[in-house]
Amino acid sequence: MSNAELNKFEDKIARDVKIEPRDWMPEAYRESLIRQISQHAHSEIVGMLPEANWLTRAPSLRRKSILMAKIQDEAGHGLYLYCAAETLGAERQATIYAMLEGKMKYSSIFNYPTRSWADMGMIGWLVDGAAIVNQVALQRTSYGPYARAMVRICKEESFHQRQGYELLTELVKEGNDEQRAMVQDSINRFWWPALMMFGPHDKDSTNTDQSLEWKIKRFGNDELRQKFIDITVPQAEYLGLTIPDPDLKWNEETGHYDHGPIDWQEFKQVVRGYGPCNKDRMNTRRQAQEEGKWVVEAGLAYDAKQRVKKAA
């Protein structure tokens, strides 16, 4: 590494000029991006599983087709992100196996079970809503391929969020007492895990400061979490839902909602692989990997054959 290369890199970051795959970059910047983008991709793929749990039990053909389209979108998001990671030199199958071996993480929220149909609306509104708050900022991340992938992903996630809210609105406004209770039970279970999606408090995060300096991230975990709470509380009030936080209240001085303490011990347990569904999620992904191995091998063989033809 020369000082001239580092200065040029830092100048681009300062001027908000995108770093592109062929540009020089510090190895730590590359590794940080590979970690973040790969974990993001893994989250999109594993995130299909809780919803697939209800695909055959959707209450109508319309709801089934909407849910199927949403699951297909998540697969596409994973593909965009794996491709973005590959521009940094990451090998796709290697990153996938790293996740299956527990060496790479994915979003902790997907290790919770989906126990009712209301959970499909809650994932769309609450979980995808939390993802959007984080991902809209990533459209301005410093690495070009990642930023461009996020533009389309955010458009589709915004649709998922509206679809989820529409589903919940129908249940609470047109449904019976049992259906309204089902929605309340769902937010009781997903509220705190949704807040954990933004990651630990900034003071406890080992990656936040450097990611902010390099503009991989544009905002800290706490700021994004607060923004999500401020947006979501009025929406919950419209639905007539009670957020399961007795300390939640509007603070006139700060102009934000105060909230109670997050159980970070639970978060750490889930991230370490001891959540309610960690084992099931990984077993399902390993099975899919094994059953689809022949497709990967066939694709690689075809690609190798085409390369030989072009070289001949």
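In the predicted model, K155 is found in helix α7. With a relative accessibility of 60%, K155 counts as exposed. K155 and V136 are separated by 19 residues in sequence, and their C-alpha atoms lie 9.3 Å apart in space.

Aromatic pairing was examined next. A pair of aromatic rings is described by the distance of the centres and the angle of the planes. The count comes to 9 aromatic pairs. One of these is formed by W125 and Y165, with ring centres 5.7 Å apart. The planes of W125 and Y165 stand at 50°, so the pair is classed as tilted, given that planes under 30 degrees apart count as stacked and those over 60 as edge-to-face. W125 belongs to helix α6 (residues 118-138) and Y165 to helix α7 (residues 144-174), so this pair ties together parts that are 40 residues apart in sequence. Both partners fall below the 20% limit for burial: W125 counts as buried at 1% relative accessibility, and Y165 counts as buried at 17%.

The rings of W264 and F267 have centres 5.4 Å apart and planes at 90°, so this pair is edge-to-face. W264 and F267 both lie in helix α11 (residues 264-274), where 3 residues, about one turn of the helix, separate them. W264 and F267 are both buried.

The charged end of R57 sits over the ring of W54, at 3.9 Å from the ring centre. For K173, the charged end sits over the ring of Y238, at 4.5 Å from the centre of that ring.

At 2% relative accessibility, N111 counts as buried. The side chain of N111 makes a polar contact of 2.6 Å with the side chain of Y106. When residues up to four places away in sequence are not counted, N111 touches Y106, V270, G275, P276, C277, N278 and R281. Among these, V270 falls within the residue range of helix α11 (residues 264-274), the helix that holds the pair of W264 and F267.

How values were computed: Residues numbered from 1 in each chain as written. Predicted model: local features only at pLDDT ≥ 70, side-chain atom pairs only at ≥ 80, totals over all residues. Heavy atoms only, no water. Phe/Tyr/Trp six-rings, centres within 6.5 Å; stacked < 30°, edge-to-face > 60°. Helix = DSSP H or I, 4+ residues; strand = E, 2+ residues; numbered from the N terminus. Buried < 20%, exposed > 50% of the residue type's maximum accessible area, 1.4 Å probe, protein only. Lys NZ or Arg CZ within 6 Å of the ring centre and 35° of its normal. Polar contact = N/O pair within 3.5 Å; in protein donor to acceptor, adjacent residues only side chain to side chain. Contact = heavy atoms within 4.5 Å.
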